[in-house]
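This briefing goes through a structure by topic. Please have the sequence and the 3D view open while reading.

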Amino acid sequence: MILAIETSCDETAAALIDDAGRLHANVVSSQAELHARFGGVVPEVASRRHLELICPVVQSALDEAKLTFDQLDRVAVTQGPGLIGALLVGISAAKAIAWGKGLPLVPVDHLLGHVAALYLEPVRLEPPFLCLLTSGGHTLLLDVQEHTSLRLLGTTLDDAAGEAFDKGARLLGLGYPGGAALDMLAREGDPGAYSFPVARLDGLDFSFSGLKTALLYAVRGLDSAELERRRADLAASYQHAIVRALVEQTLQAAEKIGARQIAVAGGVAANSELRRALAGAALAPVELCTDNAAMIASAARYLKPLNPPGYLGLDAYASRQLA
Ligand SMILES: Nc1ncnc2c1ncn2[C@@H]1O[C@H](COP(=O)(O)OP(=O)(O)OP(=O)(O)O)[C@@H](O)[C@H]1O
Ligand SMILES: [Mg+2]
């Protein structure tokens, strides 16, 4: 039985998984409302909130699974990438639990975690596959040859797709984080109403900053009554451009490496238009797309644990190291 902890951004999460890969608990406490009035995650506020939530969230995962600390075999925790202060809260809690019970500790990369959401029920995907990992901070095309080995094929040169969704949502007055709200609004609009640019780059990289600027100019050109009337069309057209960029590069990557299976994970994989556009792909379950500890638990099953006391010096990292 593995207890996994995730605190890389603004979700405090804990999950329990057994050696057959069956989840026994998956608890996520989101701080989104706390940060909404600032229009983005405030790192220091996030760290302090993780500190308040980490013990109750772990306890509620144990309660949900009807387990005690004595029934754990391993503790897993997100090591990075993410906000250092936020990560350190999870890492400190994981070290304390593991050390206190004499258990091994498994450090898990957050991005490997997003991919590992695909190994859980009901998808139960097995490598090899091509993975589009599209989240708040990353847009990656990955050649996944084994559960824990990722080869980078392409990445964004500027904003991540999730960031593009969030910035677009902010321009349309949808609050933070706005990806899901923009997705909802887009359902009422015409995706062909505006022709927003789709960056076509050599190779398998992405770029979303020009698109964001195009939306900014479109919004600026409207008075407030017109903006209100065209908001759904703007949302639909903007979303359509992001999804087209993601789908086109993914299909190109699949062709290039001769992938027989395409998969999509990360927060933006919850987007309804992207899911429709890549309906034949393996799609991470919507509730496992945004940050959670179930995906960290899933990845931990395939990683080598560290024994005590070696892990007591384990540190967090802020930027992408994997692939
Ligand atoms: N339905 C949706 N449509 C589009 N975007 C969405 C949807 N649901 C969530 N998102 C976006 O997903 C992102 C959050 O995803 P996730 O939790 O994976 O990111 P993160 O953990 O902040 O970043 P990273 O994993 O890269 O460190 C946000 O940008 C959010 O707006
Ligand atoms: Mg994430």
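Which residues of strand β9 (residues 262–265) are buried on one side, and which on the other? Ile262 and Val264 are buried on one side and Ala263 and Ala265 on the other, so that both faces of β9 are covered. Buried here stands for 20 or more other C-beta atoms within 10 Å of the residue's own, exposed for 12 or fewer, and partly exposed for the range in between, with C-beta atoms placed from the backbone.

This is a predicted model, in which local features need pLDDT of at least 70 and side-chain atom pairs count only at pLDDT 80 or more, while totals for chains, interfaces and linings use all residues. Residues are numbered from 1 along each chain as its sequence is written, and chains are lettered from A and ligands numbered from 1 in the order in which they are written. Helices (H or I, at least four residues) and strands (E, at least two) are DSSP runs, numbered from the N terminus.

**The five-stranded sheet**

- The strand order of this open sheet is β8-β7-β6-β9-β10, and its pairing is mixed. Two strands pair if DSSP finds at least two bridges between them.
- β8 (149–155) and β10 are the edge strands, each pairing on one side only.
- β6 (residues 129–134) pairs with β9 in the parallel sense over four bridges, and Leu133 stands opposite Ala265 of β9.
- On the β10 side (residues 282–283), β9 pairs in the parallel sense over two bridges. Ala263 is opposite Ala282, and Val264 has Leu283 as its bridge partner.
- β9, helix α9 (residues 272–277) and β10 make up a right-handed β-α-β unit. Right-handed says that, with the strands pointing away from the viewer, the path from the first strand over the helix to the second runs clockwise.
- β6 and β7 (residues 139–146) run antiparallel and are joined by six bridges; Leu132 stands opposite Leu141 in β7. The two strands form a hairpin with four residues between them.
- β7 and β8 also run antiparallel, with six bridges, and form a hairpin with two residues between them. Here Glu146 has Ser149 of β8 as its bridge partner.

**Helix α3**

- Helix α3 (residues 84–101) has 18 residues and should span 26 Å at 1.5 Å a residue; its end C-alpha atoms are 25 Å apart, which agrees. The expected span is 1.5 Å times one less than the number of residues.
- The buried residues of α3 are Ala86, Leu87, Val89, Gly90, Ile91, Ala93, Ala94 and Ala98.
- These buried residues pack against β1 (2–6), α2 (43–65), β4 (74–80) and β5 (105–109).
- Gly102, with a positive phi near 65°, follows α3.

**Around ligand 1**

- There are 23 residues around ligand 1, and Gly136, Gly137, Gly162, Gly179 and Gly267 come nearest. A residue is near a molecule if its C-beta atom, placed from the backbone, lies within 6 Å of it.
- Two or more residues of this shell come from each of α4 (110–116), α5 (161–171) and α6 (179–186).
- The shell holds six nonpolar, 14 polar and three charged residues. Ala, Val, Leu, Ile, Met, Phe, Trp, Tyr, Cys and Pro count as nonpolar, Asp, Glu, Lys and Arg as charged, and the others, Gly among them, as polar.
- Gly179 is in helix α6 and counts as buried because it has 26 C-beta neighbours inside 10 Å.
- Leaving aside neighbours within four places in sequence, Gly179 is in contact (C-beta atoms, placed from the backbone, within 7 Å) with Gly162, Phe165, Asp166, Ala169, Gly267 and Val268.

**Backbone details in the loops**

- The peptide bond from Gly80 to Pro81 is cis, with omega near -5°; Pro81 lies in the loop between β4 and α3.
- A cis peptide bond also runs from Pro127 to Pro128, with omega near 5°, and Pro128 is in the loop between α4 and β6.
- Arg124 is in the loop between α4 and β6 and has a positive phi of about 50° although it is not a glycine. Arg124 counts as exposed because it has 10 C-beta neighbours inside 10 Å.
- Lys66, in the loop between α2 and β4, has a positive phi near 55°. Lys66 is exposed, with 10 other C-beta atoms within 10 Å.

Technical notes:
Contact = placed C-beta atoms within 7 Å.
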